[in-house]
Amino acid sequence: MSLFRPSTIANAKLLDHVANFTEPHWNLNDSLHDITHANYVIDRSLMFSQVAKKDEEIDDNMVYTIGAYHDIGCHIDRKNHEEVSAEMLAGDKRLKRFFGHSEITTMAEAVADHRSSLYRKTGTHPRSTYGKIVSTADKRIITHVDWNELLDTSWLRKNFPNNTHEQNAMSRLDDLMQRFGLIPRLEKDIRYFDDPEYSAKKDEIAKVLLDMDAFLKVYADVHCVTEWNNVLLTLAYEDMQKYLANELAKANSHEKDTTNST
Ligand SMILES: [Fe+2]
Ligand SMILES: [Fe+2]
């Protein structure tokens, strides 16, 4: 598979160069960050750029280039891949044939800002609309709500084999509440543009997560729980609240550190 060549990008030399530079890196990445993912992000980035253009001038050559470079450093350093990929973009001297210095800086910053964890870790958002476009484009859509997958406990059963059903249920609830942005400040999935297919599914999921009886019923169906122990449930719920308070404190102290160091 090769890198997507959008018909709206007229500069063939830019398309050739970006493909030549980035494809070898995408091919070295893991399967979640391969060329299929690059093409998914480029395609969605160009879709969101159409929305952003209603408010400001957006250069699709930059949108395309950001999408094409945004994860190329994954195979080098997965943990810090946003910084590594940004450095690779900024260090690609041939991009100077197509972009000015400030455009290259903006693109590198957008790549550096693309991760979901940015807000959680620093309390900040991408510095430019380009960063918001790639960050939103990078998010997965949900084609159908699969509670078996959402409530999968294989990781919990492997790492916490003595957990009760009640503990596992509260652990999944807490994780999904964070994932679907139902706990302010601990959002894992901020989207800066309306993502219609995702929003409809998110609303469907949120309705269940925000209704404890409904959630316990769905969980019981998936995991064949015949009866809940109310004492254990209360304890697990209290543990979850403590954990969340701790995560909030961590997020706020990260933010303070970042503010102090800037
Ligand atoms: Fe990434
Ligand atoms: Fe990505």
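Helix axes are lines fitted to C-alpha atoms over the stretch in contact, and angles between them run from 0 to 180 degrees between N-to-C directions. Helices themselves are DSSP runs of H or I with at least four residues, numbered from the N terminus. The model is predicted: local features need pLDDT of at least 70, side-chain atom pairs count only at pLDDT 80 or more, and totals for chains, interfaces and linings use all residues. Residues are numbered from 1 along each chain as its sequence is written, and chains are lettered from A and ligands numbered from 1 in the order in which they are written.

The axes of α2 and α7 come within 8 Å. They cross at roughly 135°. The two helices are therefore oblique to each other; angles under 35 degrees count as roughly parallel, over 145 as roughly antiparallel, 65 to 115 as roughly perpendicular and the rest as oblique. The crossing of α2 and α7 is right-handed, meaning that the near helix is turned clockwise from the far one by less than a right angle. From α2, the contact takes Val-41, Arg-44, Ser-45, Phe-48, Ser-49 and Ala-52. From α7 come Thr-129, Ile-133, Val-134, Thr-136 and Ala-137. Residues are in contact if their C-beta atoms, placed from the backbone, lie within 7 Å. By class, six of these residues are nonpolar, four polar and one charged. Here Ala, Val, Leu, Ile, Met, Phe, Trp, Tyr, Cys and Pro count as nonpolar, Asp, Glu, Lys and Arg as charged, and the others, Gly among them, as polar.

Helix α7 also packs against α3 (residues 60–69). Their axes lie 10 Å apart, at an angle of about 50°. This pair is therefore oblique, and the crossing is right-handed. Met-62, Val-63, Ile-66 and Gly-67 of α3 meet Tyr-130, Ile-133, Val-134 and Ala-137 of α7. Seven residues of this contact are nonpolar, one is polar and none is charged.

An automatic or database assignment sets the domain bounds. It gives domain 1 (12–137) and domain 2 (147–261). Their C-alpha centres lie 30 Å apart.

Methods: Contact = placed C-beta atoms within 7 Å.
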